[in-house]
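Subject: Structure handover

Hello,

Here is the structure I promised to pass on. Please open it first, then read my notes below.

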Amino acid sequence: MAAMFGGIVGQEPENTRYDAQISVFGSKLQNKLEQAKIFMVGSGALGCEFLKNLALMGISCSQNGKLTVTDDDVIEKSNLSRQFLFRDWNIGQPKSTVAATAAMAINPKLHVEALQNRASPETENVFNDAFWENLDAVVNALDNVTARMYIDSRCVYFQKPLLESGTLGAKCNAQMVIPHLTENYGASRDPPEKQAPMCTVHSFPHNIDHCLTWARSEFEGLLEKTPTEVNGFLSNPSVYVAAARTAGDAQARDQLERVIECLHGDKCETFQDCITWARLKFEDYFSNRVKQLTYTFPEDSMTSSGAPFWSAPKRFPRPLEFSSTDPSQLNFILAASILRAETFGIPIPDWAKTRNKVAAEAVDKVIVPEFQPKQGVKIVTDEKATSISSASVDDAGVIEELITKLEQISKTLPPGFHMNPIQFEKDDDTNFHMDVIAGFANMRARNYSIPEVDKLKAKFIAGRIIPAIATATAMATGLVCLELYKVLAGGHKVEDYRNTFANLAIPLFSIAEPVPPKTIKHKDLSWTVWDRWTVTGNITLRELLEWLKEKGLNAYSISCGTSLLYNSMFPRHKERLDRKVADVAREVAKMEVPSYRRHLDVVVACEDDDDNDVDIPLVSVYFR
Amino acid sequence: RIRLRIRVFRAMGGDRGTEEELTAQETALYDRQIRVWGVDAQKRLSKAHVLVCGVNGTTIEFCKNIVLAGVGSLSLMDDHIVTEDDLSANFLIPHDVCMHGVSSRAEACCESLKDFNPMVRVAVAIGDPSLIDEGFVDRFDIIVVSCASLKTKLFINDNCRKRSKHIAFYSVECKDSCGEIFVDLQNHSYLQKKPGGEPEQQELTYASLQEAISVPWKNLPKKTTKLYYAMRVLESYELSEGREPGETTLSDLPAVLAQRKDMCDRMSLSESQIPTALLERLLAAGKKEHPPVCAILGGILGQEVIKSISCKGDPIKNFFYYDAADGKGIMEDIPPTPVEQFA
């Protein structure tokens with residue numbers, strides 16, 4: 001192992017706060033650290049720990065250095081048990097700016113810019129080519145795989161080192177992704193979390209997770225998506241209606257039906273209307289639908305292969321009888337009414353927030369129509385189905401009718417009418433969100449004789465909460481920062497880096513050298529995900545195809561960014577073959593090619609002479 | 001006679017019983033960690049009193065972690081005046097230290113630690129660690145000592161063991177980019193999670209610090225980490241020269257090598273087991289710590305203390321070593337627990 005640590009340069013101390021580092025690495029490396037340009041993605045638990053470390057180490061602590069930190073989240077109470085750069089009075093403020101300010105108090109020389117953009121394809125105008133090209137390293141401080149995969153893809157594209165880490169309870173890990181030396185983050189993934197099939201969630205739950213998934217989905221549908229749809233229609237009716245016509249499918253039909261329901265059938269004007277809505281929803285979800293399901297599939301029904309339909313893991317449901325004397329039922333109705341009232345901007349009476357006689361009487365006032373199950377109702381049972389909306393032959397016709405009805409209804413609305421969509425906020429114990437979700441889930445669990453859960457557990461599952469502690473977080477960032485010294489020093493071999501996995505509960509501490517990237521071979525060529533093939537000259541598509549043919553590769557599709565430049569199966573693309581690649585990109589694909597851009601990167605799909613697909617590197621065409 | 005002046009804060013509202021629920025404030029704040037170690041462990045944490053002797057980069061990381069975790073109280077003992085050297089690894093020392101008048105390390109860090117969690121009582125404990133007697137240790141459940149002479153550590157550890165109350169003792173040292181954590185939980189019983197089965201009651205018996213550092217080297221397993229030996233050589237050297245902990249430089253190397261030879265001869269260990277380069281590195285470091293290593297050691301120590309207070313999770317028995325040179329984190333059990341003979 002190279003003596004990054006474990007040796008002494010024996011340099012004289014310079015009476016700075018960095019003397020410990022200078023005596024080990026020398027002042028030349030210390031300067032390099034101070035001038036480093038780092039992009040830190042995320043400013044939560046890991047972010048706070050990183051900022052503290054970087055400030056102490058002097059990384060990006062000079063005018064020439066720069067740390068760019070971005071996070072689109074704001075501070076909430078439960079963050080404070082780990083995110084120590086934040087205080088109670090910062091709740092509601094953006095994480096990145098508060099953290100950056102606090103870090104500068106540790107070391108005023110820290111040159112940091114705090115942004116609030118989510119790092120995603122949508123912000124590539126902010127984090128543009130110039131930004132990426134200028135970086136020395138990228139540090140992940142994220143809490144989800146999607147963002148990690150995106151940043152990984154950008155680092156591969158721009159060939160930048162990525163220092164990745166994460167924690168889960170008492171476990172933590174640090175992983176180094178170094179261009180050309182190691183595999184990238186996306187090269188090895190944990191198997192995707194098994195998601196329950198749609199029909200299980202919608203009709204055949206057998207554990208509380210299914211009920212909670214369903215509950216959250218209904219919450220979002222009723223209280224967020226539909227009001228948002230309504231506002232979408234009201235703000236621009238002709239555009240909305242045209243879009244529905246163009247789509248012309250079952251999903252568009254469903255959406256229109258729900259908008260109409262909200263504005264007409266179920267429209268609420270008083271709080272009592274909201275109670276009515278909630279009580280009828282209860283009846284619908286936990287009684288009528290169950291009655292319909294068990295009518296369509298009676299307890300003794302058989303599948304087409306002659307086996308009992310309701311065999312395990314399916315659980316046979318029973319409808320619930322509402323009673324306002326049941327506290328959990330009454331609670332649910334009241335919480336749901338309150339949120340419904342919020343979406344309509346209806347004031348909420350004080351008695352609604354306490355479970356008392358007045359509340360019970362209000363609920364009992366609701367007239368609940370009798371329900372008769374119907375013949376011929378279609379219920380999806382196919383586990384592979386990804387949509388619950390069942391398409392019908394005449395969706396387009398039905399949509400026209402619905403549009404007419406919607407337009408009529410909109411004329412009857414008071415001027416300035418709009419709805420207030422509710423975004424699920426799991427951590428506010430006073431907002432009734434978790435009451436509604438837990439209520440939905442537990443009532444459903446009751447239907448299916450599944451054990452119910454308390455609000456804490458419900459929040460954990462429905463809120464997809466990650467348990468977290470400060471110790472594991474601190475340790476993960478310490479491990480990464482040690483590797484960061486090596487990255488910024490440069491010149492280290494793959495054996496010098498360390499990936500670490502630790503579990504503080506056991507305790508377990510395990511290290512490994514990062515894995516080199518997979519090498520792909522073709523004839524006498526070999527490459528990894530980090531490589532680029534370069535072609536110079538303002539070449540045509542045909543010349544590009546011929547250049548690849550010389551390597552024994554038959555290219556059949558060429559794309560640039562999200563635009564297709566050429567595909568061998570489209571006859572009209574043949575006309576493009578003698579046009580310059582750069583011109584096709586600009587004119588056909590409408591790509592912006594600024595004057596400072598000297599090359600274009602194209603993705604080429606190829607086959608070898610045996611018709612096997614070959615995954616080739618990105619091809620950079622230097623046309624200027 | 002030197003009177004030991006100690007400021008001790010009375011518990012506000014008295015200690016809670018285990019039947020008392022966590023407040024809404026605690027539940028909201030501690031939500032994410034309660035999901036890791038449970039409500040019961042959180043309640044125990046809130047009743048625990050911790051003393052830290054010696055404020056440096058590593059112990060401040062530890063303090064941050066346990067204050068965030070929500071211990072009952074934290075007392076800091078370190079009356080060294082803050083200097084610019086402290087800025088290299090202690091993130092709580094204000095950067096304009098020289099402009100802020102004269103304060104001790106403990107005083108300089110106290111207010112910021114309180115800010116991390118207003119529900120934890122953080123206070124300065126004025127006094128000299130070498131005078132921490134039986135009466136004093138009794139106020140605490142956990143004592144962490146760093147940057148103290150071997151004599152002081154032994155004295156404190158011994159006093160912890162004399163009390164009938166269970167007081168857990170830890171020492172931690174970070175030199176350059178490596179470090180050592182020593183754990184003495186005396187007798188520790190806890191529920192050990194068994195994969196796919198019922199949790200099992202475990203009883204662990206720890207060696208005292210004296211026992212742990214007095215094991216003849218020839219009795220230790222061949223693979224025992226070099227750091228253990230190197231730390232013992234430096235300890236002995238500082239003791240025999242009457243040095244302050246970490247008050248060494250490269251110029252001490254010849255004398256330290258002589259110390260090494262002496263100890264290796266006496267205890268039948270080959271000198272190659274304690275590389276000269278390693279001793280050089282530790283001597284040159286003195287008290288200097290690398291911030292990332294402080295975070296690693298502080299994290300581990302923090303979790304160890306939480307495990308001991310909550311009686312949940314397997315504690316380290318009884319040494320932990322980290323070295324950034326090879327990236328390894330190693331546990332040693334010294335003296336080795338005798339292997340049970342099966343009939």
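How far apart do the C-alpha centres of domain 1 of chain B and domain 2 of chain B lie? They are 25 Å apart. Please keep in mind that this is a predicted model.

First, the bounds. The domain assignment gives domain 1 of chain B as 30–209 + 288–332. Domain 2 of chain B is 212–285.

Next, the contact between them. Domain 1 of chain B puts in 26 residues, and domain 2 of chain B puts in 19 residues. About 1,800 Å² is buried between the two domains. Carbon and sulfur atoms give 64% of that area. Look at Leu150(B), Lys175(B) and Tyr321(B). They supply 31% of the area that domain 1 of chain B buries against domain 2 of chain B, more than any other three residues.

There are polar features too. The rule finds three salt bridges across this interface. It also finds 10 residue pairs in polar contact there. On the domain 1 side, H6, S5, S6, strand S9 (319–323) and strand S10 (328–332) of chain B each supply at least two of the residues that touch domain 2 of chain B.

Separately, Asp323(B) and Arg281(B) join their side chains in a salt bridge, 2.8 Å from N to O.

Now helix H6 of chain B, residues 150–162. Its 13 residues reach 18 Å from first C-alpha to last, close to the 18 Å expected. Several H6(B) residues are buried, among them Leu150(B), Ile156(B) and Cys160(B). The cover over the buried residues of H6(B) includes strand S5 (168–175), strand S6 (178–184) and helix H8 (226–241) of chain B.

Best wishes

Definitions and conventions: Residues numbered from 1 in each chain as written. Chains lettered and ligands numbered in written order. Predicted model: local features only at pLDDT ≥ 70, side-chain atom pairs only at ≥ 80, totals over all residues. Heavy atoms only, no water. Helix = DSSP H or I, 4+ residues; strand = E, 2+ residues; numbered from the N terminus. Expected span 1.5 Å × (residues − 1). Buried < 20%, exposed > 50% of the residue type's maximum accessible area, 1.4 Å probe, protein only. Contact = heavy atoms within 4.5 Å. Domains from an automatic or database assignment. Buried area = accessible area lost by both parts, 1.4 Å probe. Salt bridge = Lys/Arg side-chain N within 4 Å of Asp/Glu carboxyl O. Polar contact = N/O pair within 3.5 Å; in protein donor to acceptor, adjacent residues only side chain to side chain.
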